[in-house]
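Let's read a structure together, one feature at a time.

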Amino acid sequence: MRADRVFAYGATAGLLGDLLLGDPRRGHPVAAFGRAAGAVERVLWRDHRGWGALHTAVCVGGAVSLAVAAGRVVRPSRTASVALTAAATWAVVGGTSLGREARAVGYALEVGDVEGARARLPHLCGRDPQALDSAGMARAVVESVAENTSDAVVGALVWGAVGGVPGLVGFRAVNTLDAMVGHRSERYRRYGWASARLDDLAGWPGARLTAVLAAVAGADPRGAVRAWRADAHRHPSPNAGPVEASFAGALGVRLGGTLSYGGRVEHRPVLNGERGRDVGVRDVERAVRLSRRVGWLALGVSVAARLMVKGRTS
């Protein structure tokens with residue numbers, strides 16, 4: 001079986017597995033990678049960019065090497081190759097868990113359980129829940145759904161189409177390292193620099209595809225494109241900007257503004273500010289549904305692109 005068909009069948013099965021099963025409660029491969037990366041950090045940490053770059057190379061290189069080795073082992077068997085691709089896809093995408101956590105916060109807000117929503121919000125994003133009211137938490141959820149649609153679903157599928165199982169695993173390794181050490185704390189300002197920059201590069205194509213597909217799948221395609229063009233460049237993140245702006249336009253809401261991370265207050269530009277309205281609780285469900293549509297469209301685009309490229313080169 002050709003590699004393009006292996007990816008097509010395996011990625012589809014893996015995304016279906018995520019839809020039906022979500023993330024495993026215990027023994028998640030990404031969590032195991034996080035523990036291994038933490039162990040490497042304890043050995044290598046120095047307040048220096050070079051040591052951080054070495055940490056990134058060891059962790060990402062190790063994960064990709066294991067994926068390459070696994071692919072070689074199963075290569076003689078079509079069934080095993082598809083199964084490995086399906087398992088890798090299921091392990092690295094997280095659309096179902098993303099939607100589940102977003103809906104949990106949305107439901108708590110809908111029934112007026114503000115403290116319950118604050119307790120669940122850290123499962124979804126790193127905002128300070130005590131600094132947010134109901135409207136602020138709803139906005140945080142929609143922004144997190146938008147950004148994580150790119151990070152947890154679309155980006156992985158894009159790199160899976162490019163590199164098969166090593167592409168899937170490598171992207172998730174890069175994204176996980178960025179979440180661990182890529183933020184601008186005093187400890188990781190220099191040590192996490194390489195992980196953050198690599199994540200920006202790896203996330204670039206997936207973020208743009210996510211923005212395009214949000215415009216295609218949303219209720220207001222013109223509004224999504226308009227907000228993307230007008231506001232994405234104002235966001236401090238080169239990848240979250242297009243995604244959040246496109247989601248804001250597609251949903252007809254305003255995103256961005258003042259937020260707080262770990263006691264540090266940021267004043268971000270408002271996205272879709274001229275035409276959007278304040279985020280409401282019901283927009284959480286709308287964002288989750290848009291995210292789900294974008295994920296399946298991304299699968300179709302990734303599979304089609306790989307089939308077309310392989311067809312031309314064969």
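This is a predicted model: local features need pLDDT of at least 70, side-chain atom pairs count only at pLDDT 80 or more; totals for chains, interfaces and linings use all residues.

Q: How many disulfides does a search of the whole structure find?
A: In general, a disulfide is a covalent bond between the sulfur atoms of two cysteines. Here the search finds 0 disulfides.

Q: Is Cys 59 buried or exposed, and how do I decide?
A: The cut-off for buried is under 20% relative accessible area. Cys 59 has 7% relative accessibility, so Cys 59 counts as buried. Cys 125, with a relative accessible area of 14%, is buried too.

Q: How do the axes of helix H3 and helix H4 cross?
A: Angles over 145 degrees count as roughly antiparallel. The axes of H3 (residues 49–74) and H4 (residues 78–92) cross at roughly 155° and come within 8 Å, which makes H3 roughly antiparallel to H4.

Q: Which residues in H3 and H4 meet?
A: From H3 come Ala 70, Gly 71 and Val 74, and they meet Ala 80, Ser 81 and Leu 84 of H4. Sorted by class, this contact has 4 nonpolar residues, 2 polar and no charged ones.

Q: Where is the place of His 235?
A: Look in the loop between helix H9 (221–231) and helix H10 (240–251). His 235 has a relative accessible area of 7%, so this loop residue is buried.

Q: What is His 235 in contact with, leaving aside its neighbours within four places in sequence?
A: His 235 is in contact with Ala 240, Gly 241, Glu 244, Arg 268, Pro 269 and Leu 271.

Notes. Residues are numbered from 1 along each chain as its sequence is written. Side-chain values use heavy atoms; hydrogens and water are left out. A disulfide is a pair of cysteine sulfur atoms within 2.5 Å. Buried means under 20% relative accessible area, exposed over 50%, partly exposed in between (1.4 Å probe, protein chains only). Axes are lines fitted to C-alpha atoms, for helices over the stretch in contact, and angles run from 0 to 180 degrees between N-to-C directions. Helices (H or I, at least four residues) and strands (E, at least two) are DSSP runs, numbered from the N terminus. Angles under 35 degrees count as roughly parallel, over 145 as roughly antiparallel, 65 to 115 as roughly perpendicular and the rest as oblique. Contact means heavy atoms within 4.5 Å. Ala, Val, Leu, Ile, Met, Phe, Trp, Tyr, Cys and Pro count as nonpolar, Asp, Glu, Lys and Arg as charged, and the others, Gly among them, as polar.
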